[in-house]
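This briefing covers a ligand site and a helix in one protein structure. The structure comes first, then the notes.

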Amino acid sequence: MRTRVAIIGAGPAGLLLSRLLSLQGIENVVLENRSREYVEARIRAGILEQHTVDTLTDAGLGDRLHREGMEHHGIYLQYPGTRHKLDFPALCGRTVWVYGQTEVTKDLIKAQLDGGAPLLFEVSDVSPEDIDTDAPRVRFTDADGNRQVLECDVVAGTDGFHGVSRPLVTAGTQSRTWERTYPYAWLGILADVAPSTDELIYAWHPDGFALHSMRSPSVSRLYLQVDPHEKIEDWSDDRIWTALATRFALAGWQLQTGPITEKSVLPMRSFVSAPMRRGRLFLAGDAAHIVPPTGAKGLNLAVADVTLLGTALVRWLQEKQTDLVDSYSDRALARVWRCTHFSWFMTSMLHRSGDDFDAQLQLSQLRRVCSSEAAARELAENYTGLPLDT
Ligand code: APR
Ligand code: PHB
């Protein structure tokens with residue numbers, strides 16, 4: 001088999017890169033080791049920055065997003081006795097959209113299978129080779145058990161945190177990794193109940209953080225800060241709703257409850273690996289970095305990476321210009337660290353550490369963001385997504 005770009009992993013990063021390359025006439029093949037059903041069933045976050053909505057729309061993937069997604073004009077920050085709305089259009093002229101990553105992935109796969117580049121599910125033993133030469137290849141076993149070789153010009157490592165690509169990059173470069181794990185986790189639920197709020201609520205509470213998000217006018221998505229060792233089986237639906245009602249409590253406001261359809265505990269960490277390139281192998285998305293979900297940056301950072309990488313590869317493979325591919329890793333990492341800082345800032349401001357001095361610092365920071373236009377604008381600009389330097 002031969003193609004120009006071999007893409008490893010059919011998450012949002014790999015699928016969107018395939019789409020952007022195909023739209024520019026660059027042949028590519030996507031290799032995914034899971035089944036379509038598994039990939040489409042993964043529950044992930046659901047906030048899209050302005051540039052992500054623009055990129056998906058420009059790539060012809062905006063129809064269902066604009067039909068079923070919900071445009072949001074701000075968020076609420078809450079601490080005991082106060083719930084304050086940050087008005088994004090007034091603060092920075094941008095909005096965000098609520099549309100599940102699961103739905104984005106389904107739209108990408110549907111478009112891919114409907115005349116897009118080849119997408120091979122259930123492959124195994126994927127191994128990129130000769131990435132330091134100008135004739136790399138990817139060996140893999142296809143779904144029928146046949147060993148295959150995919151000759152290519154470039155390999156894109158969009159295979160997530162546990163993929164095969166990053167170890168190859170770190171093994172062959174002056175690489176560095178940075179990691180911070182947080183002493184708390186999120187217990188997340190999906191519930192068949194209309195959201196009790198028009199905008200997302202990020203709540204600081206002595207018992208711990210809570211987030212009220214949503215998926216549609218009839219499905220709510222909510223999160224609770226819990227100890228990372230918590231077992232989901234120890235959390236009955238009643239216990240979850242009681243904890244949520246306590247943390248969102250506000251005079252004259254009621255949290256609506258309903259049947260919980262999914263619940264899980266999510267670990268929280270920050271991780272960055274540099275560089276994001278080794279020879280003809282380029283990393284994008286979770287393969288190179290992980291952010292805690294408090295800043296809603298995971299998916300948006302993956303989209304930003306492949307928007308930069310797609311433009312750079314088109315310029316290299318069509319115009320033989322290497323300037324953008326040579327600066328890709330540095331330019332992508334600049335945004336990665338901006339988003340890593342913002343996600344750490346939101347996480348540190350809103351989660352209880354158990355230390356009372358921290359609590360007073362957090363409340364002072366929250367009061368500042370809720371009373372200072374400058375501090376509110378800084379948060380709004382980062383939350384809605386800083387412009388891409390494509
Ligand atoms: N061979 C083929 N596919 C692989 C391999 C492999 N060796 N290892 C992993 N994969 C696949 C996974 O099954 C997954 O479908 O690569 C894909 C990586 O997708 P994601 O983990 O979703 O990563 P990415 O596309 O970078 O999207 C990042 O996902 O985790 C969220 O918060 C994160 O929103 C962010 C987004
Ligand atoms: C979500 O809707 O799942 C969500 C929203 C905002 C976040 C994290 C997750 O910060």
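The model is predicted. Ligand 2 has 14 residues around it, and the protein buries 100% of the 280 Å² that ligand 2 exposes when taken alone.

**Contacts of ligand 2**
- Y202, S213, R215, Y223 and P293 are the residues that come nearest to ligand 2.
- The side chain of S213 places an N or O atom 2.6 Å from an oxygen atom of ligand 2.
- R215 also contributes through its side chain, with a polar atom 2.7 Å from an oxygen atom of ligand 2.
- P293 contributes through its backbone instead: a polar backbone atom lies 2.7 Å from an oxygen atom of ligand 2.

**Make-up of the shell**
- Sorted by class, the shell around ligand 2 holds nine nonpolar residues, three polar residues and two charged residues.

- Helix α3 spans residues 50–58.
- Which residues of α3 are buried? They are H51, T52, V53, T55 and L56.

How values were computed. Residues are numbered from 1 along each chain as its sequence is written. Chains are lettered from A and ligands numbered from 1 in the order in which they are written. This is a predicted model: local features need pLDDT of at least 70, side-chain atom pairs count only at pLDDT 80 or more; totals for chains, interfaces and linings use all residues. Side-chain values use heavy atoms; hydrogens and water are left out. A residue is near a molecule or strand if one of its heavy atoms lies within 4 Å of it. A polar contact is a pair of N or O atoms within 3.5 Å; within protein, one must be able to donate a hydrogen and the other to accept it, and residues adjacent in sequence count only if both atoms are side-chain atoms. Accessible areas come from the Shrake-Rupley method with a 1.4 Å probe; for residues, only the protein chains shown count as cover. Ala, Val, Leu, Ile, Met, Phe, Trp, Tyr, Cys and Pro count as nonpolar, Asp, Glu, Lys and Arg as charged, and the others, Gly among them, as polar. Buried means under 20% relative accessible area, exposed over 50%, partly exposed in between (1.4 Å probe, protein chains only). Helices (H or I, at least four residues) and strands (E, at least two) are DSSP runs, numbered from the N terminus.
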